[in-house]
Amino acid sequence: MDTATLAALVLLGGIALFLIMGAPISIAVGLSSLTAMITALGVENGVLTSAQQVFRGINSFPLLAIPFFVLAGVIMNQGGIALRLVNAAKVMVGKAPGSLAQTNIAANVLFGAVSGSGVAAAAAIGSTIGPIQAKEGYNKSFAAATNIASAPAGMIIPPSNLMIVYSLVSSASVAALFVAGYIPGAMWAAACMVIVYLYARKRPELKYTEKITFAQGARTILSAVPALALIVVVIGGILAGYFTPTEGSNIAVIYSLVLAFAYRAIKVSQIPKMLLDAARTTSVVMFLVGVSSIMGFVMSFAKIPAMASEAIFKVSDNPVVILLLIAVILLVLGMFMDPTPAVLIFTPIFLPIVTAMGIHPVHFGIMMVMNLSIGTITPPVGPILFVGAKVADIAIEDVIRRLMPFFLALLVVLVMVIFTPGLSMWLPTQLDLVTP
Amino acid sequence: MNAVKNGLDRVLMLACVVLFAVLVVDVAWQVFARQVLDQPSGWSEELAKYLFIWLGLFGAALVFGERGHIAVDFAARKLPRVGQRVVAVVVQLAVLTFTGMTLIWGGIRVANLAWAQNLTGLPVNVGPLYLALPISGVLIAFYTIYHLVRILSGAESAVEDAEPDVL
């Protein structure tokens, strides 16, 4: 056996073994990569190169957007911004059947459009609107399922922390990925709204009865304008070239901090706690990114991407079959793995295969993020599913039954996005962010 | 050992808060200097990257202290109690091995090699900045031994109830 094959076996076997044992994913990846590195380079050079790779992996200015977007999300969550978005969404939805569930979806979209996280949306919006729904006679499991199903839209609608991670491993432009997420993200939300509509159509008791005068409505929308203006400032500023995505994320922090103080929702003494919360979440991701860069080094040495593409092209050389195969693999992986490590580990394997078939890295990024987003709401490892069920205080099994129709609708959207490149590529092409 | 851990936790938390706060101000300054003062800063981006590395590694150490790194533990949860304990010990040993070899040993070698290498924008050399690797490595090693002892003595459950903490 040559060294490359041995390194590949050590790497993949080691990762699988340690993952099953429940080791932190960063350690499963790190220790297996280190061992493979040592098989290839010897101990002395193996540890040196590994340490260099960890450092080099985190030594990145674009990556710095993640802690800032996470911090901005924490501030928005506690700074009275989530509540204003829910109120504005309620006015926008009006008296549609199942209006409170529709409000939940709209609010998740708005929260996703100002922050980069799906988990934060599920927690912030679900805990705000869940109690109101319970009071208005909504089925608790259905309400939670709506919140859970629509929260991942925030990971597709920009800004998106997951897209930043993907851009790092794929070298696709962050601005292009951000813009590409708007239409698929809107389709995700629309699919959830259709399911809610079909459910609520036959249940007239779910009509919102509270009367809102025009003046009240206008005032509610106006009070959310400063929060929504964040989209224009941050995404607009990045697209117009006034600042980089990292600088834009920093502006999001300052902006939401100013808003939270203006709303008198936070005190200076709360800031250290918020910084620490955001630091915890980010560090987990940073450490993963660092060790994944050891793995990236070993992978190319062990020729794993080449082996994977050979294996896949052996199954079929029909692009439709290959894309479906990759989508199914990603769906299954997403069930067992959090999206960030999945992006870090599998982008280097799949991206060369799809680019060889003429698929644009930005389109594949959207496909991958959507695929893995579905994984965040499926058991056994579904962070948004867990958070959503927890804030609604119901058992996972009860939600899953109610989630089924949503899954079907989201799979339809996923297939549309995979096979209609224009849904992802049209907007960034119009803005000259990609050369197709 | 408990007292040492509590003390370390506090120092690390303070370090993370301070590093993060400086990081926010530094990048805000970068935008301000370029867009408002029209004088792009020559050092802010480099400083930001190194603050970020220290923040990331110290934060990672803190989270190892809390056993909070994301893991896939549904299989381990299905094991009988004894099996859970054996697996948990193996996992902690894996953490210790990776940390010892990559972060501590590899980190010291990298810092040595780059000790006198200059940075363009900042008045420090690259080498000392690499010390973030072995320092965080020693901290993680301490936390891991702490958990190892507690798992073996039964003071801590083998599989932790982790809070979902992803992007």
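Okay, ground rules. This is a predicted model, where local features need pLDDT of at least 70 and side-chain atom pairs count only at pLDDT 80 or more, while totals for chains, interfaces and linings use all residues. Residues are numbered from 1 along each chain as its sequence is written, chains are lettered from A and ligands numbered from 1 in the order in which they are written, and side-chain values use heavy atoms, with hydrogens and water left out.

Let's start with chain B. From the N terminus, then, the order reads α-α-α-α-α-α. The radius of gyration of chain B is 19 Å, well over the 15 Å that the globule rule gives for 167 residues, so the chain is more spread out than a compact globule. That radius is taken over C-alpha atoms, and the rule is 2.2 Å times the number of residues to the power 0.38. Along the principal axes, the C-alpha trace of chain B spans about 65 × 35 × 30 Å.

Of those 167 residues, 49% are buried; that's under 20% relative accessible area, with exposed over 50% and partly exposed in between, using a 1.4 Å probe and protein chains only. As for contacts in chain B with a separation of 6 or more, 75% are between residues 24 or more positions apart, a contact being heavy atoms within 4.5 Å.

Now the interface. Chain A puts 73 residues into the contact and chain B 62. Together they bury about 5800 Å², 78% of it on carbon and sulfur atoms; that's accessible area (1.4 Å probe) lost on putting the two parts together, summed over both. There are three salt bridges between the chains, meaning a side-chain nitrogen of Lys or Arg within 4 Å of a carboxyl oxygen of Asp or Glu. One to look at joins A:Arg280 and B:Glu66, at 2.9 Å from N to O.

Which elements of chain B give two or more residues to the side that touches chain A? Helices H1 (2-35), H2 (44-65), H3 (74-77), H4 (81-113), H5 (126-130) and H6 (132-152). H4(B) gives the most, with 16 residues. By class, that side has 44 nonpolar, ten polar and eight charged residues. Nonpolar here is Ala, Val, Leu, Ile, Met, Phe, Trp, Tyr, Cys and Pro, charged is Asp, Glu, Lys and Arg, and polar is the others, Gly among them.

Most residues other than glycine have a negative phi, and most peptide bonds are trans. Back to B:Arg67, then: its phi is positive, about 50°, although it is not a glycine. Buried or exposed? B:Arg67 is buried, with a relative accessible area of 17%. B:Asp38, in the loop between H1 and H2 of chain B, also has a positive phi, about 60°. B:Asp38 is exposed, at 63% relative accessible area.

Over in chain A, the peptide bond from A:Pro158 to A:Pro159 is cis, with omega near -10°. You'll find A:Pro159 in the loop between helix H9 (153-156) and helix H10 (161-170).

Note on methods:
Helix = DSSP H or I, 4+ residues; strand = E, 2+ residues; numbered from the N terminus.
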